Amino acid sequence: MTTLANKVAMVTAGGAGIGRACSLTMAAKGARLVVTDLHIAAAETVAAEIIAAGGEAIAVRCDIGDETSISDAVAAAEAHFGRLDILHNNAAMLSDEALALDGDILSVPMDVWDRTMEVTVRGTLLGCRYGVLAMRRAGGGSIINTGSIYGLRAANRMPAYSVSKAAVHMLTEVVATAHGREGIRCNAVAPSMMRTPTLDRLVPRAIVDYNEDAALLPRMGVPQDVASMVAFLASDEASYLTGHVFPVDGGTMAHLPTYGDERRFLEGVNR
Ligand SMILES: NC(=O)c1ccc[n+]([C@@H]2O[C@H](COP(=O)([O-])OP(=O)(O)OC[C@H]3O[C@@H](n4cnc5c(N)ncnc54)[C@H](O)[C@@H]3O)[C@@H](O)[C@H]2O)c1
């Protein structure tokens, strides 16, 4: 079984959704957690859950749109636990307003485009920078960035989000290339649409259904699916894996675009 005993892990946007699941899962596998979020109350709730389950955790406010906030959070991790072994750069520009306005390249407001690049790309780069500096002091480590299948293939909407996630994927390769010889690994997970409270609040049911239909497995992805992969990539069992983007997508990226329509046709023919 994957163990993260004696490791110190920091997660950004750890207060909800995928980041919450990753924080709880890594703590359950023995890591000491620095749960960070823009909203400190959310991070505190997750840290309290970890402590209640017998683990070790602190909550730190971290806005990845602000360099000082990121460097302070990494410093807090080192000050409290003495080192940083694992950094999950999971946060992205996710405000309801930005996602609503990120429609297409003709209409996306440039301030939404700029802010998305500033938070998601620049923020993840800075996470990697301060993470690498801390991991040098620890003698190595594992960085996991959260990308998206939207950064692998074009979707109908969300050009800013999609381009920012493609940049996160390339950043992952860049960091892995530059720092592998220091024992610092860097990988990314690229989730498909995952069932989270934000998804249920923002995404129309029909869009959720189309995404579920595009998976090869007969269910929607959930944050725990991503958390299992993140915990594995964080662990020493993944010690020869670096520089890769791993889709966590129920097989969504594995087939031709015609898969869903063909499947329905063949089901009709064979009935
Ligand atoms: N849920 C999905 O379907 C899905 C699919 C692919 C990729 N992702 C990616 O997974 C990551 C997490 O998404 P989620 O769906 O779990 O989100 P979520 O909406 O459930 O939670 C987002 C969290 O991010 C925090 N946050 C927002 N802005 C922040 C900032 N500037 N700095 C730090 N924290 C901030 C919020 O406070 C909140 O706790 C994101 O990078 C997202 O792009 C999600």
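Visitor: Which residue has a polar side-chain atom that lies 2.5 Å from an oxygen atom of the ligand?

Guide: That residue is Y161, one of whose polar side-chain atoms lies 2.5 Å from an oxygen atom of the ligand. Residues are numbered from 1 along each chain as its sequence is written. This is a predicted model, in which local features need pLDDT of at least 70, side-chain atom pairs count only at pLDDT 80 or more, and totals for chains, interfaces and linings use all residues, while side-chain values use heavy atoms, with hydrogens and water left out.

Two further pairs involve nitrogen atoms of the ligand and the backbone: a backbone N or O atom of I64 lies 3.0 Å from a ligand nitrogen, and a polar backbone atom of L38 is 3.3 Å from a ligand nitrogen. A polar contact here is a pair of N or O atoms within 3.5 Å. Taken as a whole, the surroundings of the ligand comprise 26 residues, with D37, N90, Y161, M194 and T198 the closest; a residue is counted if one of its heavy atoms lies within 4 Å of the ligand.

A cavity is a set of points, on a 1 Å grid over the protein atoms alone, where a 1.4 Å probe fits but cannot get out, and its lining residues have an atom within 4 Å of a point; the volume is the space filled by probe spheres set on the points, which are joined across faces, edges and corners.

The largest cavity has a volume of about 40 Å³, and its lining includes I64 and N90, along with M10, T12 and I70 among others. Helix α5 (residues 110-138) gives the most to this lining, with 3 residues; helices are DSSP runs of H or I with at least four residues, strands are runs of E with at least two, and both are numbered from the N terminus. By class, the lining of the largest cavity divides into 4 nonpolar, 6 polar and no charged residues, where Ala, Val, Leu, Ile, Met, Phe, Trp, Tyr, Cys and Pro count as nonpolar, Asp, Glu, Lys and Arg as charged, and the others, Gly among them, as polar.

Y161 itself belongs to the lining of the second largest cavity, together with M93, A98, L99, D102, V112 and T116. This cavity holds about 30 Å³ of space, and α4 (96-101) and α5 each supply at least two residues of its lining, which divides into 5 nonpolar, 1 polar and 1 charged.

Two backbone details complete the picture. M158 is in the loop between β5 (141-146) and α6 (159-179), and has a positive phi of about 65 degrees although it is not a glycine. A13, in the loop between β1 (8-11) and α1 (17-28), likewise has a positive phi, of about 55 degrees, without being a glycine. Such values stand out because most residues other than glycine have a negative phi. M158 counts as buried because its relative accessibility is 13%, and A13 counts as buried at 19%; buried means under 20% relative accessible area, exposed over 50%, and partly exposed in between, with a 1.4 Å probe and protein chains only.

Conventions: Polar contact = N/O pair within 3.5 Å; in protein donor to acceptor, adjacent residues only side chain to side chain. 1 Å grid on protein atoms, 1.4 Å probe; cavity = no way out; pocket = protein on both sides within 12 Å on 5 of 7 lines; lining within 4 Å.
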